[in-house]
Structure formats: structure tokens, C-alpha cells
Amino acid sequence: MEKINLKNIYNEDVEIKIVDNEYDADFITHSGTFHADEVMATVILLNKFGSMKLFRSTNPKNDNAFIYDVGFGAFDHHGIDFDEARENGVKYASCGLIWRAFGNDIVSKLDVEDTENFVQSIDKNLIMDIDRDDNGQTLKNEPEIKLQNIPNLIGSFNPVWNDLSSETINFLNAVSFANTIFNNMINKMVSKEAAKKIIEEKIEESNNGILILDNYMPWKDIVLSSSNPKASEILYAIFPSKRGGYNVVATPVISGSFDVKKPFPEEWAGKENDELRQISGIDTITFCHKNLFICACKTFEDALKIAEIAKKD
């Protein structure tokens with residue numbers, strides 16, 4: 001009997017045991033090659049129900065167990081008549097079905113203001129791509145470079161053809177990896193929720209299109225989605241750098257883009273230290289990215305100067 005001990009998103013100890021007898025199991029998923037679909041679904045179930053006794057089979061018979069991604073039940077998407085999809089066309093796989101069923105229960109125990117929106121954000125940022133991959137739906141405009149997405153990385157835990165190591169151990173290692181991803185994603189988004197109220201207050205306090213933060217927090221998406229009219233005027237954010245001094249960062253045009261509303265002056269691009277100080281006339285400026293979306297300096301006063309000069313450029 002193989003087992004693994006993990007921490008769930010509530011920092012509680014949970015355990016998965018792979019049992020040898022199907023009728024000792026309280027959960028069943030399919031055996032053989034594993035995929036991100038049932039691996040991440042296992043992580044979700046750990047967070048909903050706690051420790052699991054799991055059996056892996058292609059032909060489950062124990063109707064008392066929670067069966068998923070096999071057996072054509074409520075949490076299996078392989079049936080010939082199954083055709084459930086989201087509004088954007090991404091079909092549900094077992095992972096998405098389980099998140100849809102239990103996501104609210106899991107998130108309701110966290111410090112989150114809007115549970116439903118948070119659940120949908122996790123679906124969009126984590127679950128949906130796993131479902132898309134498992135259903136064989138391709139991404140539009142796929143690049144020539146192979147994207148190493150979460151389904152690929154979880155799938156890489158499967159034994160290669162000439163590897164005689166235990167498939168069960170590999171499966172548990174994949175679950176551990178997926179559990180880390182899940183916990184990190186949840187924690188990141190809970191942190192973002194906590195930042196939202198603070199940043200909205202800072203937007204209201206902002207002047208002349210400059211957002212001033214006491215420390216770094218994920219501000220870009222919040223500024224871009226804020227209903228405060230002052231948010232649309234924000235061109236730069238200033239905050240202390242973890243490397244010392246201050247960063248001045250230009251607001252992107254859209255979320256995730258390095259195209260910004262107002263780049264720093266072209267002649268600053270890629271310049272550093274003395275050369276940049278001479279060009280800019282700013283005493284403690286140390287760096288400007290060649291793509292003109294971030295500058296660094298040593299003092300808050302000079303951070304304000306950077307933003308003011310860039311606005312007028």
C-alpha cells in the first residue's frame with residue numbers, strides 16, 4: 001500500500017493511500033496512464049473531503065465509492081452522450097465537473113469576499129486549461145514553441161516506456177506536484193483579494209495619474225478593472241523594490257501585456273546608472289528596461305520625478 005502525506009489549502013495534514021482492494025476504497029479513478037484531469041481532480045477532492053483511500057481501476061464495481069474520470073457516472077466525461085461545455089466552448093472534463101460541484105464549498109472556508117467570482121477565477125486560471133487539454137481541444141494560434149503547460153508537466157510524471165518504477169509512486173508524485181500548484185494558485189488569488197481593497201483606496205488617493213503603494217502588491221489587474229474613474233488615468237505605479245530603492249512601473253494597456261499606456265522616454269531604453277543619470281537628469285535613477293515599462297531608482301523623490309518626466313515626454 002503506497003501513500004503520501006500533503007498539506008491542503010487550509011494547511012491541514014491530509015493523506016492519500018492507494019489501496020489494493022477496491023472495496024477498501026472510498027474513491028476510485030482510472031488506472032494506467034494518468035492525466036492532469038484526474039490528478040488535479042484528486043487534489044480538489046482532498047480539499048473537499050480530507051484524506052482519501054483511493055483505488056485505480058478501468059472497471060470499477062464498488063458503488064459505495066466516489067468514482068471519477070471512469071465508470072460513466074456523474075463525474076466522468078467520457079460517455080457518448082456527454083457534451084457539457086462552458087459558455088466559451090471549453091468542454092468539461094472530470095476535473096471541471098468536480099470543481100463546479102465542490103469549488104464553492106472549498107472556497108467558502110477561505111477569507112474571500114465574493115466566493116462565486118473566486119470560484120470562476122480558479123476555473124479560468126487553472127481548471128479550464130486542464131479540461132481543454134483532456135478533451136483534445138487545441139488552443140488557437142498555437143506557437144511553434146511547445147508550451148509546457150500544467151497538463152504537459154503533470155503528464156511528464158508518467159513512467160517512460162523503459163522505466164520499470166512503480167506507476168503508483170509516479171501517480172502520487174504527480175498528485176503532490178499538482179497539490180503544490182493548486183495551493184499556490186489559491187494562495188496567490190486570496191492574496192490578490194486582500195490587495196484589492198487596499199489598492200482601491202490608493203486609486204482614490206492617487207494624483208496626476210500616479211499610484212503610490214506602500215509595498216508591492218498585484219495592482220495591475222485591479223487598476224485595469226476598477227470602476228473608479230481615477231483608475232483609467234493611472235499611468236504609473238510607484239512602490240518599494242525588494243532589491244532596495246523604488247520601482248516605477250508603467251500601466252499596461254491590457255492585463256498581461258507589456259504594451260503600456262505611456263512608455264518611459266525612448267532615450268532611456270536599456271540605460272543604467274551614470275549614463276542614465278546623465279541622460280535623464282535624475283540623481284539616483286539606476287535602470288530603465290529596454291522595453292520602457294519599468295524604471296528603478298534609490299529614493300522616493302526620484303521615483304516621483306521619473307513618473308512626472310515620463311508623463312510629459
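# Close-up views

**View A. Phe-72 lies in the loop that runs between strand S5 and helix H2.** Helices (H or I, at least four residues) and strands (E, at least two residues) are DSSP runs that are numbered from the N terminus. The structure is a predicted model, in which local features need pLDDT of at least 70 and side-chain atom pairs count only at pLDDT 80 or more, while totals for chains, interfaces and linings use all residues. Residues are numbered from 1 along each chain as its sequence is written, and side-chain values use heavy atoms, with hydrogens and water left out. Phi of Phe-72 is near 65°, a positive value in a residue other than glycine. Most residues other than glycine have a negative phi. Phe-72 is exposed, with a relative accessible area of 63%, where exposed means over 50% relative accessible area, buried under 20% and partly exposed in between, computed with a 1.4 Å probe on protein chains only.

**View B. Leu-292 is found in the loop between S9 and S10.** Phi of Leu-292 is near 65°, which is a positive value in a residue other than glycine. Leu-292 is buried, its relative accessible area being 7%.

**View C. Helix H2 covers residues 94-107 and has a kink centred on Ala-101.** The 14 residues of H2 reach 19 Å from the first C-alpha to the last, close to the 20 Å expected at 1.5 Å a residue, the expected span being 1.5 Å times one less than the number of residues. The kink at Ala-101 is about 45°, where the bend at a residue is the angle between axes fitted to the seven residues ending there and the seven starting there. H2 is mostly covered, with ten of its 14 residues buried, among them Ile-98, Trp-99 and Phe-102. The cover over these buried residues includes helix H1 (36-49), strand S5 (66-67), helix H3 (115-134) and helix H5 (167-205).

**View D. Phe-182 is among the residues with the most contacts inside the largest nonpolar core.** A nonpolar core is a set of buried Ala, Val, Leu, Ile, Met, Phe, Trp, Tyr and Cys residues joined through side-chain atoms within 4.5 Å. The largest such core has 49 residues, and Met-40, Tyr-68, Ile-98 and Trp-99 are also among those with the most contacts inside it. H5 gives the most to this core, with ten residues. Not counting residues up to four places away in sequence, Phe-182 touches Ile-9, Met-40, Val-43, Ile-44, Asn-47, Trp-99 and Leu-126, a contact being heavy atoms within 4.5 Å.

**View E. Helix H8 (residues 300-312) has its buried residues along one face.** H8 has 13 residues and reaches 19 Å from its first C-alpha to its last, close to the 18 Å expected at 1.5 Å a residue. The buried residues of H8 are Asp-302, Ala-303, Ile-306, Ala-307 and Ala-310. Seen down the axis of H8, these buried residues fall within an arc of 145°, so they line one face of the helix; the arc is that of the directions from the helix axis to the C-beta atoms. The face turned away from this buried side carries the exposed residues Glu-301 and Lys-312. What covers the buried residues of H8 includes strands S6 (210-212), S7 (236-240), S8 (246-250), S9 (285-288) and S10 (294-297).
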